[in-house]
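Please keep the sequence and the 3D view at hand while reading.

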Amino acid sequence: MTIAAAFARYVRSAVADTGLPECDLMVAPQTIDELEHILDLASEHQLKAVIWGGGSHQGFGGRIDPDLVVATSQLNRLVDWQPEDFTVTVEAGMRVSDLEDMLADRGQMAVLPELPGAATIGGVMAAGVSGWRRARYGPTRDRVLEVDLVTGDGRRVRAGGRVVKNVTGFDLPRLAVGSFGSLGVIAQACLKLWPEPSTKVTVSVADGDRALATAYRPTAVVEADGVAKVYLGGTEAEVDGQVESLDGTVVSGWSWEPEPTGVVGWSLRVPPASTRSAIERLPSGWRYQAGLGVGEIKAASVDAEGAAGLRAWAESQGGALVIVSGPAALYSDMDPWGTPPPGLKVQRELIRRFDPCRVVNPGRLPGGL
Amino acid sequence: MTLIGDLVEILGPDRVLSEPLERYLYGTDGGVARGEVIVVVLPETAGEVSDVVKAAKRHGSPIVPRGAGTGLAGGAAPAVPSVVVSLTNMKDIEIDLGNRTAWVGPGVINLDLSKLTRSSGFHFAPDPSSQSACTIGGNVANNSGGPHCLAEGTTTSHVLAVEIVTADGEIVLLGGPAPDPIGLDLRSVVVGSEGLLGIITRALVKLTPNPLAVRTILAGFATMEDAVATSSGIVARGVVPAALEIMDQKMTRAVENFVGAGFPIDAGAILLAEVAGHPAAVEAEARLVEQVANENHVTSLRVAADEVERAKLWLGRKSAFGAVAQLAPDYYLHDTVVPRTQLVATMQKIYEIAERHGVLMLNVFHAGDGNLHPLVAFDASVEGQLDIVHAAMEEVAKVCIEAGGALSGEHGIGLEKRDLMPLLYNEADLDAQARLREAFDPDGLFNPQKVLPAGSRCADLGRPIPTGAWL
């Protein structure tokens, strides 16, 4: 049987999404069983597969010329929502915005990235990205309670559980976050939820650092191109009290700014106390959003001028400068991740045990893994 | 040279313990399991740990790393004769208030870190009941919890980096001070790995700002159902208190007699609720706690008037396990977790199990996150008693899993629950766990025969792993 014939029944029209890479073979599994079969076939035929959620984080990591694109758009079901337990289990192709809208109806939130666009739960997890509210609620990783992975050779494995506290076995759910599918495609996940605060405000202030020092555990403090906003949530009395001490312009609700856009997108990560210093070191013309107190800076520029020096400094602080989007040529001029982290040997040994034919996103991770 | 000779060469004679009594003392932890110790070593640096690992590996001796030995699942009790590496001498602390972090040696006592940072306005959030004795290395290895993990998360949410010595004796730093370290997040899987993936020689932990205000409320109820309904009701109203702890009457009486915390001994169950944070929020949340308690037929309600009274209430909670010594010479403390909505039904079944087996059971638990701690007081010197206790506890585990729960919320799997793992995970799931272990430690040098039952690694699942050059 030809490869095309082997995959024929999984080729579905719903794959016609914008931004997809050039690839003759595009499939969209409708069930996790189908995903298992697809990856088993991909392993059998030694294909390189890219997994496509909403396409929001495809700019991360090494470039791949795929033989196969697996869209998760049809794996988008709600599996289990226990509002009184504050847990929700969804298939990975569900869009973050759909999940958060659904949860908001019951006053709950998954605290995923605030302006997710088309991003899916699986994509956000696989790329290991978090929203600005991580300042108060911790990163996305802190909310993943259970995960169902389909390994590169098509085995479905489950780890963790649908309870908010669990140490039964190794923490594969956390490891899956930021793994870019190298241990398996995230097919389904259970997330811990938070109650939405009864009162939410956004306060624009002149001095973000001062606000960070003044406010008591704010939801987030984000500075964009010199203008800082403090996000607060809680009871009305608590929020009112905090607003008074901040001395800024208040609007009701959380008002998030779109990320800076440009030819090249960057994620600069430094220890929280080095955030100001990082902002000051951004090459001229770079636009940015910085999570004060967190050390995560999203930036955009017209080119990579000055990036090498900034990366060297960030790495010397224990951080990184990562390319998140840009023209293909940039990726051959500059490693998208920078200096690979220690522990590559164990990472390699792990990946070969979960994806022995190296099917899913090969070469996407630091060190060419 | 002999293994002990090699170890003495690395550490000198004073930090290599090989007398029978010394070996006996290190053969167990806080639980009921006991194993055989070849020799105990007390390294002081990562370099020494590395040399010890290499020497043990050369001699084919397994290694069991160990903190203060307060664990209850047999994690530090060797399953096979082993070299025990005690990390309690590694106590360096380096505080970085700017980044709200601290580098700590694995031997630092949990509470000591919070004491040291208190005057600066910070603390280390994970607070196991054993926090005045347990080490942070042990907390990291077990992903320990504690009452205040309800709002702040367990240890894993507070660890930014770990330095480990691998099974090859290599010293590797995983994670770092910046958010989202690149590459696979090995740090997250070393946390909670119960000494199977590497020996933790240093950890970078987060410091949490102390709350501006705290209110601790003690509520008594006629029945366990009312206490649980109150706890669940508070969470369902969208309040995440700092802690929500419940004790049944037997436990309340044992504790009251032991430390005199002021608990109402006529109550069927008591709820200890703590709200913390901004003063205005604390006030509103305390009102809500009282309101929900009233809706659920509270019989007595008291708000700690000051820090002294609050400390006394918490002393009562954290003395629960010690208090059991009044009732019987031994105790078996279980640790399971269920979805919060299943608490009432599960507690009923657990009491039925205790009754059927004729064991003396007391209950104290983290109600806010559904983490149960049924405790059986017994006399291990009476033949057959431990078997009865084990049988009862296995049934408890099954009931919790049937309710959608898990085997352990914070104590770990160790030896005690290893063979129950197939209750929760199928062949492919366990094989994945075994593969993960194999990637770190292919020869099973570290803490062998723990966590995963024999035969977890299943050679015929999936496609063969290529040998030689790859990637």
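Into which domains is chain B divided? Chain B is divided into domain 1 (3–86), domain 2 (93–209), domain 3 (213–312) and domain 4 (327–419), with bounds that come from an automatic or database domain assignment. This is a predicted model, in which local features need pLDDT of at least 70 and side-chain atom pairs count only at pLDDT 80 or more, while totals for chains, interfaces and linings use all residues. Residues are numbered from 1 along each chain as its sequence is written, and chains are lettered from A and ligands numbered from 1 in the order in which they are written.

**The two chains**

- Chain A contains 12 helices and 18 strands, and chain B contains 15 helices and 20 strands; helices (H or I, at least four residues) and strands (E, at least two) are DSSP runs, numbered from the N terminus.
- The radius of gyration of chain A is 21 Å, which agrees with the value near 21 Å for a compact globule of 369 residues; the radius is taken over C-alpha atoms, and the globule rule is 2.2 Å times the number of residues to the power 0.38.
- For chain B, with 471 residues, the radius of gyration of 23 Å likewise agrees with the globule value near 23 Å, and the C-alpha trace spans about 70 × 55 × 50 Å along its principal axes.
- Buried residues make up 58% of the 369 residues in chain A and 60% of the 471 residues in chain B, where buried means that 20 or more other C-beta atoms, placed from the backbone, lie within 10 Å of the residue's own.

**Domains 1 and 4 of chain B**

- The centres of domain 1 and domain 4 of chain B, taken over C-alpha atoms, are separated by 30 Å.
- In chain B, 10 residues of domain 1 are in contact with 11 residues of domain 4, a contact being two residues whose C-beta atoms, placed from the backbone, lie within 7 Å.
- The side of domain 1 of chain B that touches domain 4 of chain B divides into 6 nonpolar, 4 polar and no charged residues; Ala, Val, Leu, Ile, Met, Phe, Trp, Tyr, Cys and Pro count as nonpolar, Asp, Glu, Lys and Arg as charged, and the others, Gly among them, as polar.

**Where the chains meet**

- Between the chains, 77 residues of chain B are in contact with 77 residues of chain A.
- Among the elements of chain B that each supply at least two residues of the side touching chain A are helix H7 (186–190) and helix H15 (427–440), and H15(B) provides the largest share, 9 residues.
- That side of chain B divides into 41 nonpolar, 27 polar and 9 charged residues.

**Helix H15 of chain B**

- H15(B) is mostly covered, with 11 of its 14 residues buried, including B:Gln433 and B:Leu436.
- What covers the buried residues of H15(B) includes E8, H6 and helix H12 (344–354) of chain A together with H7 of chain B.

**A:Phe170**

- A:Phe170 lies in the loop between strand E8 (156–160) and helix H6 (172–176) of chain A, and A:Phe170 counts as buried because it has 28 C-beta neighbours inside 10 Å.
- Not counting residues up to four places away in sequence, A:Phe170 touches B:Val189, B:Ser193, B:Gln433 and B:Leu436.

Notes. A residue is buried if 20 or more other C-beta atoms lie within 10 Å of its own, exposed if 12 or fewer, and partly exposed in between; C-beta atoms are placed from the backbone.
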